[in-house]
Amino acid sequence: TLEPKWQAFWEERELFRTEDRSTKPKYYVLDMFPYPSGAGLHVGHPEGYTATDVLARWKRMCGFNVLHPMGWDAFGLPAERAAVRDGIHPAIITKRNIDNFRRQIKRLGFSYDWSREIDTSAPDYYRWTQWIFLKLHERGLAYRAEIPVNWCPAQGTVLANEEVKDGKYVETGDPVERRLMKQWMLRITAYAERLLADLDDVDWPEAVKAMQREWIGRSEGAEITFRVRDRDASFTVFTTRPDTLFGATFCTLAPEHPLVTEITTPERRADVEAYVAAAAKKSDRERAGSEEKRATGVFTGAYATHPLSGAPIPIWTADYVLMGYGHGAVMAVPAHDERDHRFATVYGLPIATVVRPAGGGPAPIPFTDDGVACASGAFDGLPSAECRRATVAELARRGVGAAKVTYRLRDWLFSRQRYWGEPFPVVIGADGEAVPLPEGALPVELPPLDDFRPAPDGRPPLARAREWLEARDPRNGGPAERETNTMPQWAGSCWYYLRYLDPRNTLAPWDAAKEAYWMPVDLYVGGVEHAVLHLLYARFWHKVLFDCGLVSTKEPFRKLFNQGMILAYSYQDAAGKYYAPEAAENVDLQAGAATAKGTGAPLKVQIEKMSKSRLNVVNPDDVVAEYGADSLRLYELFMGPLDAVKPWQTNGVEGVYRFLQRAHRLAVDAESDAPSPALKDVAPSEDLEKLLHRTVAKVTKDLENLSFNTAISALMILTNELLPMTERPKAAVERFTLLLAPFAPHLAEEMWRTLGHADSLAYAPWPTFDPAKLVDATVELPVCVNGKVKERIEAPKDADQATVE
Ligand code: ANZ
């Protein structure tokens, strides 16, 4: 009953409305905003949200001007699928889901500034997403290209590499083909070096930085040109090991390499064409995976000339060589590369050792480490690193090679054949050119449609909006057609943290002064599943905005923290059938065993991901209804370290619920709701004073380190100390209440009121501690005889040797 009361109190007074300008220092604490799915909130969402809310409330008490907003990542495929299935417009489905999410989140008493709520699918939001797209386009960072994509005819859309396996769409099993299609691309590769280098300046988990580095995949090496024999043709390879050039015994081209058709000899043509056709059906991911399996390939019949030795080298084509990396061609060195070695072994190609271990002795084959060059002409005896430099210098002198840095990062495929996304602010002129619209034409709103399937001609759903499709070419006023692709779901989340600064601005995406005051985000909390794509895309856009002079920081998120996933116990019988936890009894978690109520069938108890099919999803609404929001909040943080993966246990919620009841009784008499009669206006004893200082110090330090579970333990210890006192110093209970406030704000407000304060404690000063009070006056000394502790004695802290003895 007291939670709705305090929530209404906060809302009526707009207590958490953030001031735009302030003399206070700022603190911007951000949650990864949710996709409002039809399933509603699960207990994983409030884990991170509670953590950021505790920090927001704590920082307010510490005198910071805190920005703590919430919004919705509202475009996306599930709403479009539901729309097709149920015949309801995705906007209506999305609004319904948002209303449900907002209701659920509000019940938890988070101190969001709801006046800043944003929705990426609202025209007054996506207008600015389109505006940023125009900035990217202006700078040559958005372009259209004919590229091979994974096309799923049944779904009528392109799919990401991650969505395709064995030539099928993983969700539905529909066949997927490779098709050349004109798509929007964003030139993220132009920012590869900065995206890599600036990782050094942010306070992020090392694991996330490592994943981003891996994704960007910087490789230092060389480009080397090989001439094709008896033809006026050449190709370039990228290699990280130019020092092994003398060991190159064949070359391999990607099946799509334009030279393959040209150089293939008549005798080899049938084999090569069959191979190329088969490779076209596989996705890049599968092809890269053929590394582990047996590499396949065919000989083209043509030869290249070794750039230094002049020896003839057979040219093969093989699908482990990807067209999108380097130049789609490799010089194969079977003695020093695993993959080339496997290939050479299968096809009986020569293997020439050109590096030996620096320390001498036998070497494994292939020997892939650095060593000393051998059988490499003038380079013999050079250590590998030196040999790389010398080889590149020699190739450069002859004009057939140069040092080169390559990135695994690809340009970002930025179009989707969907309805429920941002339309591109672009028209296609009569000449086929994509022409950006002027700023005044924004937003380009989604046309109302009632059928969201691809158009009958196979074009995206937007092609069904006949009237909307017709447009004018801004260059000449002639007829033009709107772009029918939409942006991917990632677009809206690339800049939402900036819109929170100024969400109702109709003249600009944000005000420059507000941006300068608030940015960067001081703390960003969310799931590790966004470690690469979302964070990389957002960093990319931010850097472009920085180059446009629109933001003042190079990086958007100063500190990042990933909360660990919350798992749950599941109950399964021998036949694999799942049981709800209520349907199990005789549960022994240690042994992982239980029995089914009624039948007594033995059940296996396991910790697994929460999912509907496992019947182990915990709904926060149910927890709040039974134990209250404060208990849910406290339990979310008390389960273990924030970044740990941990199982939900409802009896754990009971534990924190009992703790909160005890805490309540420190201030409030359980019978009468009046102030507890034990409260006295007396000074705390010296011992209690020390415990208070130690608790303040501990909780403060733990909050700084996001170590919430240990902070809560300290509050429990203090409660246990205070509760039995018949003369309970009111000043001590007040300090305790303030420490509890960020974690259990409803209960803390109630206690604060009972203690005689008319105002909310949301802005009451955070208790301070005196470091001198943290040190004990005496120390305990173990007395050892022959290395064994025989006794312990107490001595004054500053006692000298003689006194102790
Ligand atoms: C010769 C060589 C000898 C190589 C050796 C390695 C070891 P990273 O480190 O990932 O950048 N390569 C180049 N382009 C390729 C493509 N399009 N598809 C598949 N493989 C390609 O890998 C660079 C190495 O991967 C290059 O160096 C090349 O093989 C291969 F002892 O060249 B290496």
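Here are some numbered notes on this structure, which is a predicted model.

1. **Overall build.** The protein has 805 residues, and 53% of them are buried. The chain folds into 26 helices and 35 strands. Along the principal axes, the C-alpha atoms fill a box of roughly 105 × 85 × 65 Å. If you take the contacts between residues at least 6 apart in sequence, 71% of them join residues at least 24 apart.

2. **Cores.** The largest nonpolar core has 167 residues, and W541, W648 and F743 have the most contacts inside it. Apart from that one lies another core, of 41 residues, which includes V272, A295, M331 and A344. Keep W648 in mind, as this residue comes back in the next point.

3. **The second largest pocket.** This pocket has a volume of about 690 Å³. Its lining takes in 25 residues, and P581, E582, V618, W648 and T650 are the ones nearest the centre. Four elements each supply at least two lining residues: β26 (566-573), β28 (584-588), α18 (620-627) and α20 (650-667). The largest share, four residues, comes from α18.

4. **Cysteines.** How many disulfides does the structure hold? The count is zero. Take C387: the nearest cysteine sulfur belongs to C374 and is 9.8 Å away. C387 is buried, with a relative accessible area of 0%. C62, by contrast, counts as partly exposed because its relative accessibility is 33%.

5. **Cis peptide bonds.** A cis peptide bond joins I365 and P366, with omega about -5°. P366 is in the loop between β16 (355-356) and β17 (372-373). The bond from L442 to P443 is also cis, with omega near -5°. P443 is in the loop between β21 (434-436) and α13 (466-469).

6. **Positive phi.** Most residues other than glycine have a negative phi, and most peptide bonds are trans. D166 is not a glycine, yet its phi is positive, at about 50°. This residue lies in the loop between β7 (164-165) and β8 (168-169). Is D166 buried or exposed? It is exposed, because its relative accessible area is 55% and the cut-off is over 50%. L615 also has a positive phi, of about 60°, without being a glycine. L615 is in the loop between β30 (602-609) and α18. With a relative accessible area of 42%, L615 counts as partly exposed.

7. **E256.** This residue is found in the loop between β12 (250-253) and α8 (259-263). E256 and G328 are 72 residues apart along the chain, but their C-alpha atoms are separated by 8.2 Å. Leaving aside neighbours within four places in sequence, E256 is in contact with R287 and M323. E256 is partly exposed, with a relative accessible area of 39%.

8. **T778.** Strand β34 (residues 778-785) contains T778. Its C-alpha atom is separated by 29 Å from that of N709, which is 69 residues away along the chain. Beyond its neighbours within four places in sequence, T778 is in contact with E794, A795, P796 and K797. With a relative accessible area of 34%, T778 is partly exposed.

Conventions: Residues are numbered from 1 along each chain as its sequence is written. This is a predicted model: local features need pLDDT of at least 70, side-chain atom pairs count only at pLDDT 80 or more; totals for chains, interfaces and linings use all residues. Side-chain values use heavy atoms; hydrogens and water are left out. A nonpolar core is a set of buried Ala, Val, Leu, Ile, Met, Phe, Trp, Tyr and Cys residues joined through side-chain atoms within 4.5 Å. Buried means under 20% relative accessible area, exposed over 50%, partly exposed in between (1.4 Å probe, protein chains only). A disulfide is a pair of cysteine sulfur atoms within 2.5 Å. On a 1 Å grid over the protein atoms alone, a cavity is a set of points where a 1.4 Å probe fits but cannot get out, and a pocket is an open set with protein on both sides within 12 Å along at least five of seven lines; lining residues have an atom within 4 Å of a point. Grid points are joined across faces, edges and corners, and a volume is the space filled by probe spheres set on the points. Contact means heavy atoms within 4.5 Å.
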